[in-house]
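Please keep the sequence and the structure in view while reading.

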Amino acid sequence: LAAPRADVRHQAATALRMTFIAIGASSSPPMQSSAVSGLLTQLAERVKVEPMSRMRKIIADNMVASKLHTSPHVYTIFEIDMTHIAGLRQRHRQAFEETYGTKLSFMPFIMKAVIKGLQAFPVVNSSVDGDNIVYKQDINLGIAVALDWGLIVPVVKNADGLNLGGLARALNDLASRARSRKLGLDEIQGGTFTITNPGVFGDIFALPIINQPQVAIQAVGTIAKRPVVVTDALGNDAIAIRQIMYSGLSFDHRVVDGAVGDQFMSVVKKELETGTFGLE
Ligand code: CO6
């Protein structure tokens with residue numbers, strides 16, 4: 001069917017608006033204004049209007065509350081050389097899977113490095129309560145998991161007590177149950193810091209919105225081979241192919257100053273570039 005001409009659509013929309021005004025003035029229950037404007041919009045433009053799902057609405061409300069009404073966001077981006085981690089992963093992948101019965105992706109390494117950063121700078125693992133800073137004694141890592149129908153952030157509780165195998169098991173279990181809608185309410189609560197990995201979609205770097213009541217969130221971009229300048233022990237420069245990742249930290253300037261955000265990221269970077277992760 002051909003779409004009605006714009007003037008016809010406009011006349012229809014006007015007629016419908018009059019009808020709604022008349023209905024609104026009668027004793028029938030008033031129609032919700034969003035439903036009315038949705039119908040009018042459908043008539044006036046070629047669009048499809050659908051109500052937000054419950055999950056979409058919660059995400060929308062939380063994002064507005066965090067960014068506009070709660071945390072003054074500050075951002076920093078670090079370049080991290082993941083060649084060392086890629087090598088560790090390659091060398092230990094098979095034995096790891098045999099020992100722990102789960103795959104070894106980049107994420108458990110990133111989680112471990114983040115834990116080290118949070119231990120060095122506990123304010124990044126805090127919350128704000130009125131005029132108080134609440135330092136969380138446990139490190140509960142929220143991990144953003146993309147779903148076909150939205151986004152959820154299950155929490156690896158007491159992540160600082162887990163080794164690489166424990167982190168990988170917890171992450172893969174939570175992510176797979178998130179995707180099959182089998183998470184309990186307590187498994188999406190109590191996070192003290194969040195990591196999001198939009199790098200799986202090819203994202204170079206991201207500056208995400210803080211997941212309240214936390215004060216920081218780290219995003220990891222795609223890990224890709226890039227030409228970089230390296231300097232050897234004698235001071236000679238060369239261009240080398242390295243596995244580079246850009247990682248963004250969004251933090252709440254009420255309690256985390258720029259220097260602390262950067263120092264936290266320096267610890268994460270150093271750990272990822274040189275740490276042994278209990279593997280070697
Ligand atoms: N770079 C390159 N390759 C990657 C990366 C990065 N950053 N991350 C994972 N991978 C690879 C990984 O190694 C796997 O490859 P193979 O080893 O060859 O199998 C593959 O991608 C799939 O990884 P997988 O998703 O299975 O596992 P991973 O443990 O790395 O991640 C997850 C688990 C739950 C974090 C992830 O699956 C996921 O859902 N990520 C999306 C997170 C998301 O949607 N975040 C919110 C939106 S983004 O907030 C955002 C500010 C904005 C933009």
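This is a predicted model: local features need pLDDT of at least 70, side-chain atom pairs count only at pLDDT 80 or more; totals for chains, interfaces and linings use all residues.

Helix H4 (83-100), strand S5 (145-147) and helix H6 (164-179) are the elements that give two or more residues to the shell around the ligand. The largest share, three residues, comes from H6.

There are 25 residues around the ligand, and those that come nearest are Arg89, Lys103, Ser105, Thr196 and Ile223. By residue class, the shell divides into 14 nonpolar, six polar and five charged residues.

## The hairpin of S2 and S3

Strand S2 (residues 126-129) and strand S3 (residues 132-135) run antiparallel and are joined by four bridges. Aspartate 129 has asparagine 132, in S3, as its bridge partner. Two residues lie between the strands of this hairpin, in which glycine 130 takes a positive phi near 60°.

## Aromatic pairs

The count of aromatic pairs comes to three. One of them is formed by phenylalanine 96 and tyrosine 100, a tilted pair with 4.7 Å from centre to centre and 45° between the planes. Both residues of this pair belong to helix H4, where phenylalanine 96 and tyrosine 100 are four residues apart, about one turn of the helix. Phenylalanine 96 counts as buried because its relative accessibility is 4%, whereas tyrosine 100, at 25% relative accessibility, counts as partly exposed.

Phenylalanine 109 and phenylalanine 277 form another pair, which is edge-to-face, with 5.2 Å from centre to centre and 80° between the planes. Because phenylalanine 109 lies in helix H5 (residues 107-120) and phenylalanine 277 in the segment after helix H7 (258-274), this pair ties together parts that are 168 residues apart in sequence. Phenylalanine 109 and phenylalanine 277 are both buried.

Conventions. Residues are numbered from 1 along each chain as its sequence is written. Side-chain values use heavy atoms; hydrogens and water are left out. A residue is near a molecule or strand if one of its heavy atoms lies within 4 Å of it. Ala, Val, Leu, Ile, Met, Phe, Trp, Tyr, Cys and Pro count as nonpolar, Asp, Glu, Lys and Arg as charged, and the others, Gly among them, as polar. Two strands pair if DSSP finds at least two bridges between them. Rings of Phe, Tyr and Trp (its six-membered ring) pair if their centres lie within 6.5 Å; planes under 30 degrees apart count as stacked, over 60 as edge-to-face and the rest as tilted. Buried means under 20% relative accessible area, exposed over 50%, partly exposed in between (1.4 Å probe, protein chains only).
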